[in-house]
Amino acid sequence: MLRALVPALLEHPALAEVAVFLAGIDSKNGGSRTVAEAAGFVAEPDAPATGHRMYRFTR
């Protein structure tokens, strides 16, 4: 279900003008990483020391 939700949110007409989306994902949360990557999010190269990694989706 989440694999379909994230792409649907990215394509929602109310968000059509948004060029960049960021998602902070805990490094231990493999499920969220999988969903984000399947939707086209890419991990930022420099992960902060908090145990979270930022993922970016750019139109």
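Colleague: What should I keep in mind about the model?

Modeller: It's predicted, so local features need pLDDT of at least 70 and side-chain atom pairs count only at pLDDT 80 or more, while totals for chains, interfaces and linings use all residues. Residues are numbered from 1 along each chain as its sequence is written, and side-chain values use heavy atoms, leaving out hydrogens and water.

Colleague: In what order do the elements of the chain run?

Modeller: Helices (H or I, at least four residues) and strands (E, at least two) are DSSP runs, numbered from the N terminus. Here you get α-β-α-β-β, with 2 helices and 3 strands.

Colleague: Which strands stand at the edges of the sheet?

Modeller: Strands pair if DSSP finds at least two bridges between them. This open sheet is ordered S1-S3-S2, with antiparallel pairing. S1 (20–26) and S2 (42–43) are the edge strands; each has a single partner strand, so one side of each lacks a neighbour in the sheet. S1 pairs with S3 (residues 52–58) over 7 bridges, and Gly24 has Met54 in S3 as its bridge partner.

Colleague: Which strands does helix H2 touch?

Modeller: Contact means heavy atoms within 4.5 Å. Axes are lines fitted to C-alpha atoms, for helices over the stretch in contact, and angles run from 0 to 180 degrees between N-to-C directions. H2 (residues 30–38) packs on the sheet, touching S1 and S3, and its direction makes about 160° with that of S1.

Colleague: How many of the residues count as buried?

Modeller: Buried is under 20% relative accessible area, exposed over 50%, partly exposed in between (1.4 Å probe, protein chains only). Of the 59 residues, 17% count as buried.
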